[in-house]
Amino acid sequence: MFKEKYDDYLKVFNDYAAGYFAKLKTTPALLKESMEYSFLSGGKRIRPVLTLAGADALGEDFEEALPFSLAVEMIHTYSLIHDDLPAMDNDDFRRGQPSNHKKFGEGHAVLAGDALMNTAYLLCFDMCFKGEKYVRAAHILCEYAGIDGMLAGQSADLLCAEKDAPIDEKTLRFIDEHKTGKLMLASILMPCVLAENKNYFELEQFGKYLGTLFQITDDILDETADFTALGKTVGKDKKENKLTFVSLYGVDGAKIQADIYASDAYAVLDGIDGDTSFLRELITYVRNREK
């Protein structure tokens, strides 16, 4: 049942995204090609799925949430393109294919990421003309993708990989809550704002727990999975001296932390009046994912 529902959300999103890109034109055409190369390469799409599932649980129309779901996935994809660059995580593969900079060169990869980010903001601005709640939803995404969100986490992540950087739980949680967690949190809070802040506090807590859980499982998979499953280079966290739940707690300790965050996320959903069955199963999916 969960997989079928996930696939339903995925189809709605992918159809909408494909329609948007079909109408998109750039000069030179290579700019669009490089954007599409990374965006249309697949992936779990957990952030847009979370946005649509949140809208569903809150009784909101998909048509209202879809532009925001596309915007958050564009921002996520741009961050992956830039993360893979030699100046950052230096990875040659993403989703089982050469990274954007290996396909198009570093300069064009930077521009592809920039183009996706700016197009995401254009989507948000277009929605803002519809009224105040759309402005608030857009503000959440822009804030959580920026210097108080994802970018802060990425900056701290790079700093911690440098020599003699502090290794402690407080720093680790800051990185995870911002680098991964904030964009996941925006994904569930945008439909919440569109639904006039229904269950805002509960879904805010849920989003925080789910985002950290996702990063913990990512840390575990980097240590235990293989390239075929992940579609990207494995073992890079240790090689790059990254501060992760695995480096701090070990694999078994990280699994215990993942169980704790999953349990907390389940508990939050218990306090929401409505059908949260898909969100509950999403927690299980994230906890047990193998890629």
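Let's start with a helix pair: the axes of α4 (residues 62-83) and α7 (residues 132-145) come within 11 Å and cross at roughly 10°. That crossing makes α4 roughly parallel to α7, a label given to angles under 35 degrees, with over 145 counting as roughly antiparallel, 65 to 115 as roughly perpendicular and the rest as oblique. Here the axes are lines fitted to C-alpha atoms, for helices over the stretch in contact, and angles run from 0 to 180 degrees between N-to-C directions. Helices are DSSP runs of H or I with at least four residues, numbered from the N terminus. This is a predicted model, in which local features need pLDDT of at least 70 and side-chain atom pairs count only at pLDDT 80 or more, while totals for chains, interfaces and linings use all residues. Residues are numbered from 1 along each chain as its sequence is written, and side-chain values use heavy atoms, with hydrogens and water left out.

Which residues make the contact between α4 and α7? From α4 come Glu 64, Phe 68, Ala 71, Val 72 and Ile 75, and from α7 come Tyr 134, Ala 137, Ala 138, Leu 141 and Ala 145; contact means heavy atoms within 4.5 Å. These residues divide into nine nonpolar, no polar and one charged. In this scheme Ala, Val, Leu, Ile, Met, Phe, Trp, Tyr, Cys and Pro count as nonpolar, Asp, Glu, Lys and Arg as charged, and the others, Gly among them, as polar.

Now stay with α7. Its 14 residues should span 20 Å at 1.5 Å a residue, and its end C-alpha atoms are 20 Å apart, which agrees; the expected span is 1.5 Å times one less than the number of residues. Lys 133, Tyr 134, Ala 137, Ala 138, Ile 140, Leu 141, Tyr 144 and Ala 145 of α7 are buried, meaning under 20% relative accessible area, where exposed is over 50% and partly exposed is in between (1.4 Å probe, protein chains only). Seen down the helix axis, the buried residues of α7 fall within an arc of 150°, so they line one face; the arc is that of the directions from the helix axis to the C-beta atoms. On the other side of α7, Glu 132 and His 139 are exposed. The buried residues pack against α4, α6, α8 (150-160), α10 (181-194) and α11 (200-224).

In α6 (residues 106-128) you will find Val 110, which is partly exposed at a relative accessible area of 31%. Not counting residues up to four places away in sequence, Val 110 touches His 82 and Leu 85. In α11 sits Leu 213, buried at 0% relative accessibility. With the neighbours up to four places away again left out, Leu 213 touches Ala 258, Tyr 261, Ala 262, Ile 283, Val 286 and Arg 287.

Finally, the backbone. Most residues other than glycine have a negative phi, and most peptide bonds are trans. Even so, a cis peptide bond joins Thr 27 and Pro 28, with omega about 5°, and Pro 28 lies in the loop between α1 (2-23) and α2 (29-39). The loop between α10 and α11 holds Asn 197, whose phi is positive at about 65°, and it also holds Asn 199, with a positive phi of about 55°.

Note on methods. Helix = DSSP H or I, 4+ residues; strand = E, 2+ residues; numbered from the N terminus.
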